[in-house]
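Here are my notes on the model you sent over.

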Amino acid sequence: MALEKMTMPQLGESVTEGTIEKWLVSPGDKVNKYDPIAEVMTDKVNAEVPSSFTGVIKELVAQEGQTLAVGEVICTIEVEGGSSSEAAPAEEVKEEKVEETAKQEAAPKKAAVAKDPANKGRFSPAVLKLAQEHDIDLSQVEGSGKGGRITRKDILALVESGNIPKASDKPAAASAVEAAPQAASPQAQPAKQAAPAPNVPVYPGDVEIPVSGVRKAIAANMLRSKHEAPHAWTMMEVDVTNLVEYRNSIKGEFKKKEGFNLTFFAFFVKAVAQALKEFPMINSMWAGDKIVQKKDINISIAVATDDALFVPVIKNADEKTIKGIAREISELAHKVRTGTLKSDEMQGGTFTVNNTGSFGSVQSMGIINYPQAAILQVESIVKRPVVMDNGMIAVRDMVNLCMSLDHRVLDGLVCGRFLQRVKEILENTTKENTSVY
């Protein structure tokens with residue numbers, strides 16, 4: 001028998017660590033290759049980790065709630081063939097990791113070019129929580145993670161050493177610079193540190209709800225977006241009377257033929273994808289010293305559960321028909337609500353469309369899905385009296401499209417033209433000139 005090591009996988013772009021939320025196996029359990037063995041939470045997604053081997057679980061090296069860097073051993077599995085002496089015992093594995101980390105921290109830091117300045121302000125929920133608990137000023141911490149990112153182990157090492165950097169420890173000159181009004185570009189600003197949790201009194205009858213890993217990840221991403229991206233907002237109203245009549249006339253036959261609903265949202269996503277192709281600047285991301293204009297048009301859609309928000313992605317939406325988009329919306333929403341959504345189905349989004357109208361909202365200001373440059377809120381379709389071109393008043397189906405934009409990347413002119421184009425496409429969606437196939 002041979003002892004194989006299972007390591008923390010990389011569950012998304014730029015993910016450097018993960019937290020074991022729950023073990024799905026115990027020592028002595030037999031597992032097959034690809035069987036799920038643990039639920040892991042990262043700052044991007046919750047996912048099940050499959051076994052890389054067929055064998056028997058020997059030891060669970062990581063504990064539930066423990067955060068480990070990508071590549072660290074989480075458990076050992078005994079498999080047939082070879083010799084168990086090939087693998088070191090779990091305790092030795094952990095000791096080697098501790099020694100290796102200590103050597104890295106003791107060694108002189110490599111040149112600054114090896115580090116990504118953008119990572120300085122990127123903290124996982126576990127890092128933020130520890131920093132708040134021990135009053136650590138993260139702007140003074142050197143990270144040992146990929147691109148200089150601060151990991152949970154960096155914080156624990158500081159706590160153990162007792163050499164905890166606080167805001168008051170900064171040199172006077174540095175404090176004065178930070179206190180002065182900043183005229184530099186946004187990426188030159190010091191990273192904002194999360195405020196300590198407020199001391200909220202709890203009285204009899206109050207209910208305390210633990211913050212889940214997914215909720216922490218949402219909070220961290222939303223906070224980062226609001227801190228880093230200067231949000232601007234614009235809105236346009238659209239007359240979708242023709243679209244409503246067209247969709248309502250074919251929805252019954254479509255459901256019978258295809259087996260899923262033809263929603264209004266599919267028409268909006270298709271219109272946005274088409275407009276993004278014509279206005280590629282909207283399909284961009286801020287990257288510090290440059291703006292990256294993405295080639296693929298991958299639409300993120302927000303899907304809510306009772307206690308969390310997930311953002312799966314419709315890849316290459318501009319190449320899909322309205323029927324194809326409707327099918328993907330239905331399938332992705334089902335996966336979110338049944339807990340079967342995979343991490344790669346949440347990666348690669350370039351623009352977000354949020355169906356806030358599904359619960360009756362008529363006007364809202366969305367927070368941008370970082371690092372994208374904009375998000376569009378599709379509000380509820382409502383019947384309103386409208387003054388027509390001939391001066392007559394008629395009852396029409398109207399919808400508000402509300403767009404939040406990152407003003408570092410986009411300006412009002414290009415966003416106004418983009419929304420005008422989306423409006424034009426939607427107002428000309430009729431049975432005569434639009435096919436869902």
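1. Start with the second largest pocket, which holds about 810 Å³ of space. A pocket here is an open set of points on a 1 Å grid over the protein atoms alone, where a 1.4 Å probe fits, with protein on both sides within 12 Å along at least five of seven lines; lining residues have an atom within 4 Å of a point. Grid points are joined across faces, edges and corners, and the volume is the space filled by probe spheres set on the points.

2. Before going on, bear in mind that this is a predicted model: local features need pLDDT of at least 70, side-chain atom pairs count only at pLDDT 80 or more, and totals for chains, interfaces and linings use all residues. Residues are numbered from 1 along each chain as its sequence is written, and side-chain values use heavy atoms, with hydrogens and water left out.

3. Who lines that pocket? There are 34 lining residues, and Asn46, Ala47, Glu48, Gly339 and Leu341 lie nearest the centre. Strands S1 (2-7), S4 (36-41) and S5 (46-50) each supply at least two lining residues, as do helices H5 (213-228) and H8 (322-338). S5 gives the most, with five residues. Helices (H or I, at least four residues) and strands (E, at least two) are DSSP runs, numbered from the N terminus.

4. On to salt bridges: the structure holds 15. The term means a side-chain nitrogen of Lys or Arg within 4 Å of a carboxyl oxygen of Asp or Glu. One of them joins Lys383 to Asp397, with the closest N and O atoms 3.0 Å apart. This pair links distant parts of the chain, from strand S18 (residues 382-387) to strand S19 (residues 393-406), 14 residues apart.

5. How accessible are those two partners? Lys383 is exposed at 60% relative accessible area, while Asp397 is buried at 7%. Buried means under 20%, exposed over 50%, and partly exposed in between (1.4 Å probe, protein chains only).

6. Two other pairs to look up: Asp296 with Lys295 at 3.1 Å, N to O, and Lys320 with Glu328 at 3.3 Å, N to O. Asp296 is partly exposed at 31%, Lys295 is exposed at 75%, and Lys320 is partly exposed at 22%.
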